Amino acid sequence: MVANSSMARRSRNRFERGMVGNQRESVTLASHYSRFRVSDRVLLTGHSHQAWPDVAFEAQQQAWLDAAEHVDDKWERAFGRADQVRAGYRRLLDDPDGHIALGHNTHELVTRFLSALPLRDRPRLVTTDGEFHTIRRQLDRLESEGLEIVRVSARPDAPLAEGLARAVDDRTAAVLVSSVLYRDARIVDGLRDVAEACVRVGAELLVDAYHSLNAVPFSVVEMGLENAFVAGGGYKYCQLGEGNCFLRFPRDCRLRPVLTGWFAEFATRAHAPGDGGVAYAEGHLRFAGATYDPVSHYRAAAVFAFFREQGLGIGRLRGMSLRRIRRLASGIDALDLDPAVLRRDRTVPLSRRGGFLALESPHAAEICSKLRVRGVHVDFRGSTLRLGPAPYVTDTQLDEAMAALAEVVG
């Protein structure tokens, strides 16, 4: 009994030291987000919009100063920031040799991808019924124009990757699927099998990795996605703010997007406009657009550098995220709420979910509104209440959120 009691005390002491360490880590990080006042309010909107570190404000100021000082010559500096953003995404994707095209949002990049497909000869696109609106709405519209859209069920009990691979045939131009589902944070396993099915019939694969980046480890190499397109952005877990999205495409890609901007003509001086063909530059410019606001890239380059300086690699970020999500889940379970009012899906372990906790409630909108009055910011989509704890959110704030939730639901 003495030995067991001693072991229990040591275990408890280690746990308490760990909790103190986690709290200190969050408080230290929070000091870098003073302009977003992350210490004064509980920001659990991490799946929708994370706060920006203070260096982002300084970077935006630098963009203005560069424009004022250098006028049209600012573009050399702007393109340098864009290269840094591409390098940041390449690190997050663990992608040694793919090309990274940049855009202000994923929709413009996904539509460029769609415009490059041989849809006259292969008028079939395969996707899931759990895709984010960027893909969902555009495919709905294309279907109304006569394209065949196959939607594989994204229910938790459905083998998603297997269903996608099975749906691919020689009339399929592309498969479009998320790596983490935006509704309930489920990680989609088996994307390698989908990629192999696409290669067998000559179809393309586009993976929406928006909800993976900086939240869940993602590796183009380990996942067998060297021949795939990958879309995503930095508005959420990367803390880059708006205007920072990308399309990764294979190094040997020869597709010719119909929706193409004049930046895609850079480095094609041998083909003057109107000389009998539309030329495309090599590398990332193949899917380039046109003139854009470079302020977002100043901000993104600074934030990527900040994450590296703070040692916030994906391994550490994933550990921080899981600790916070598990604390929230334990808090929800301890409330023992009526599942008709608020329930947590336990069919998929938290380790197989992304960077937020999804709760189902017919009162999600009302709960979200009442929590906001109490200084706790969450977001919802339909009947899904989403709690996204960012690295700067402390354990104390998580507990405050659970107390506020108990008060609201009670």
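Guide: Lys 236 lies over the face of Tyr 210, at 5.6 Å from the ring centre. A charge sits over a ring if NZ of Lys or CZ of Arg is within 6 Å of the ring centre and within 35 degrees of the ring normal. This is a predicted model, in which local features need pLDDT of at least 70 and side-chain atom pairs count only at pLDDT 80 or more, while totals for chains, interfaces and linings use all residues. Residues are numbered from 1 along each chain as its sequence is written, and side-chain values use heavy atoms, with hydrogens and water left out.

Visitor: Which ring does the charged end of Arg 386 sit over?

Guide: That of Phe 356, at 5.8 Å from the ring centre.

Visitor: How many aromatic pairs does the structure hold?

Guide: The structure holds 18 aromatic pairs; rings of Phe, Tyr and Trp (its six-membered ring) pair if their centres lie within 6.5 Å, and planes under 30 degrees apart count as stacked, over 60 as edge-to-face and the rest as tilted. In Tyr 89 and Phe 304 the ring centres are 5.4 Å apart and the planes stand at 85 degrees, so this pair is edge-to-face. Tyr 89 belongs to helix α3 (residues 74–93) and Phe 304 to helix α8 (residues 295–309), so the pair ties together parts 215 residues apart in sequence. Helices here are DSSP runs of H or I with at least four residues, numbered from the N terminus.

Visitor: Are Tyr 89 and Phe 304 buried or exposed?

Guide: Both Tyr 89 and Phe 304 are buried, where buried means under 20% relative accessible area, exposed over 50% and partly exposed in between (1.4 Å probe, protein chains only). Phe 263 and Phe 266, by contrast in geometry, have centres 4.8 Å apart and planes at 25 degrees, so they are stacked. Phe 263 is buried at 9% relative accessibility, and Phe 266 is partly exposed at 21%.

Notes: Helices (H or I, at least four residues) and strands (E, at least two) are DSSP runs, numbered from the N terminus.
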